[in-house]
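Dear colleague,

I am handing over the structure we spoke about, which is a predicted model, and below it I have set out what was found. Please keep it open beside this message as you read.

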Amino acid sequence: MAAPAKRVEQLDRVVIRFAGDSGDGMQLTGDRFTSETAQLGNDISTLPNFPAEIRAPAGTLPGVSSFQVHFADYDILTPGDSPNVLVAMNPAALKANLSELPAGADLIVNTDEFTKRNLAKVGYADNPLDDGSLAGYSVHPVALTSMTVGSLAGLGIAKKDAERAKNMFALGLLSWMYSRPFESTLRFLERKFAKRPELVEANKTAFRAGWNYGETAELFSVRYEIKPAKMQPGTYRNITGNQALALGLVAAAVRSKLPLFLGAYPITPASDILHELSKHKRFGITTMQAEDEIAAIGAALGAAYGGALGVTTTSGPGVALKGETISLAIALELPLVIVDVQRAGPSTGMPTKTEQADLNMALYGRHGEAPLAVIAPKSPSDCFHAALEAARIALTYRTPVILLSDNYVANGSEPWLLPSVDELPDLAVSFATEPNAPDGRFLPYLRDEETMARPWAVPGTPGLEHRIGGLEKADKTGDISYDPENHDFMVRTRAARIEAIPVPDVDIEDPSEAARVLVLGWGSTYGPIGAACRALRQRGLTIAQAHLRHMSPLPANLGEVLKSYEKVVIPEMNLGQLAHVIRARYLVDAVPFNQVSGLPFTAAKLESMLEDVVKNG
């Protein structure tokens, strides 16, 4: 007798969180589910969350790793505030995430791991699966480990290797529940374990077993479907912020017709940019893993002196070490892109958690008066365009540019519309090729009237010999100068040329054109702020949103915009760094709203705060 057909229910959005021990493959599982979802055309936003330790003690709270994916049939802005579905691979994963689960949420639990020993590790006196404490949730107990081992019994796989495939069983089950395609996952497994055919077969078998379990088990009586989102026509791919940033740098190299040199020292969460760029040598990309952060930026600056697009990637601790060489690049007036993927600090801090606390360092963290340009992408896919913009400013205005990404943007993912190459900016560079003074000399600090940039002379060009170094330069000649008036002139000129860089005006999103409150954000707060403002407008409240990409120089119209609202609120994942800048520069009494938990804002938290501001001032 055939099993009765299972009911299919349509949903408009779902938030799923996979959680387990750091060795359970939750990041891989979440990434594969995200890739499957992208193929169906849903809008997606993800939030990986993992411990800094390479391998925290198994089964403990510090060792819990999770991956959250939000997908919908409409445009979404965040990975979701809380999961509708939690897959808990052990008691630690349950305890670490249960408080964020709303009432009635689905809870899929690996019952095999709820042993007395594992329960005791995280402080459970009684088994929560038996004591009624989970009565407010829809609990689905599944013996993931033992069923995975059983499904692989005939393959001659060692028990330990068989147990490791339980994440594929879970992925198969969730792929069935949410009607995800699975062919690409099977192909992925074939590539990943190509050198070990037995593991290819084991993981594929475990995946199919999970799928079939969902199809046949009475425990799961409903299957869900989420239709594709209405998106701008074109070709899309799922992309993380670090991948998009790396591809933006590749595009910048191609569009500038320059070789790109990356000098980098591995550091979380920026290392993936080095990994990605190293795959693209055919585009004239050279990557060097240096012995330390100082060597990395020194090599990148040397490459820039030699006529390449010089880039260095790091996180906050690395920017601190690079500070002296950044100042040297400012004095030399050479193009250089410094990517800072921010993480929670100070010092080593929390390497795998997110923060926006490097803004002060980017703006002011150098000795002397040393201004430069600063850009901050707002989302994973925006990292591509931010990288192109950073390269454009660096090459056009002969200045270092700091690109401020962060952990949330770098490791999160979303659909990215592949741009047309013809629509990308032309970054072609004109090098100095002959003397530029009436008397036949080469003046390395004779500035372009439009950009205030000095000429870029490739070493070895006949007749263009000039001094290089960090000592103060004489105007035009570049000779060493200790003259007080010259130093005053050069300091003010370096500052003026940064302030003179034209950047786009800040856009205002105010559908009602009647809002009294403006929410000003920068970087990765774009999604949560946008979702909160959207929710308030749907409830009939008026609120405006503006978001900064260019942090230095700031948009020319920003002061006028700020003063046109009664109240300006600035949410930041720091203790108010942009708010301090806005207050000092524009004399606007901006209201900071700050969070330094290592996690991004939730839209619900911002919505509650902003509702109070709108209603009560």
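A244 belongs to helix 9, which runs over residues 241-256, and with a relative accessible area of 0% it falls under the 20% cut-off and therefore counts as buried. Leaving aside residues up to four places away in sequence, A244 touches I239, P380, S381, C383 and F384. A related pair is A244 and D382, which stand 138 residues apart in sequence, while their C-alpha atoms are 7.6 Å apart in space.

Next come the helices that pack against helix 8. Helix 6 (residues 166-177) meets helix 8 (residues 197-216) at an angle of about 40 degrees, and the two axes lie 7 Å apart; the pair is therefore described as oblique, and the crossing is right-handed. On the helix 6 side, the residues in contact are M168, F169, L171, G172, L173, S175 and W176, and these meet N203, A206, F207, A209, G210, W211, Y213, G214 and E215 of helix 8. Sorted by class, this contact consists of 10 nonpolar, 5 polar and 1 charged residues.

Helix 7 (residues 183-192) also packs with helix 8, here at an angle of about 160 degrees and with the axes 9 Å apart, which makes helix 7 roughly antiparallel to helix 8. This crossing, too, is right-handed, and it is formed by T185, L186, L189 and E190 of helix 7 together with V200, N203, K204, F207 and R208 of helix 8. The class count for the contact of helix 7 with helix 8 is 4 nonpolar, 2 polar and 3 charged residues. You will find N203 and F207 of helix 8 listed in the contact with helix 6 and again in the contact with helix 7.

Because 10 of its 13 residues are buried, helix 17 is largely enclosed by the rest of the structure. The buried residues are G527, P528, I529, G530, A531, A532, C533, A535, L536 and R537, and what covers them includes helix 15 (407-411), strand 17 (508-509), strand 18 (517-522), strand 19 (544-548), strand 21 (567-572) and helix 20 (603-616). Just after helix 17, G540 takes a positive phi of about 90 degrees.

With best wishes

Definitions and conventions
Residues are numbered from 1 along each chain as its sequence is written. This is a predicted model: local features need pLDDT of at least 70, side-chain atom pairs count only at pLDDT 80 or more; totals for chains, interfaces and linings use all residues. Side-chain values use heavy atoms; hydrogens and water are left out. Axes are lines fitted to C-alpha atoms, for helices over the stretch in contact, and angles run from 0 to 180 degrees between N-to-C directions. Helices (H or I, at least four residues) and strands (E, at least two) are DSSP runs, numbered from the N terminus. Angles under 35 degrees count as roughly parallel, over 145 as roughly antiparallel, 65 to 115 as roughly perpendicular and the rest as oblique. A crossing is left-handed if the near helix is turned anticlockwise from the far one by less than a right angle, and right-handed if clockwise. Contact means heavy atoms within 4.5 Å. Ala, Val, Leu, Ile, Met, Phe, Trp, Tyr, Cys and Pro count as nonpolar, Asp, Glu, Lys and Arg as charged, and the others, Gly among them, as polar. Buried means under 20% relative accessible area, exposed over 50%, partly exposed in between (1.4 Å probe, protein chains only).
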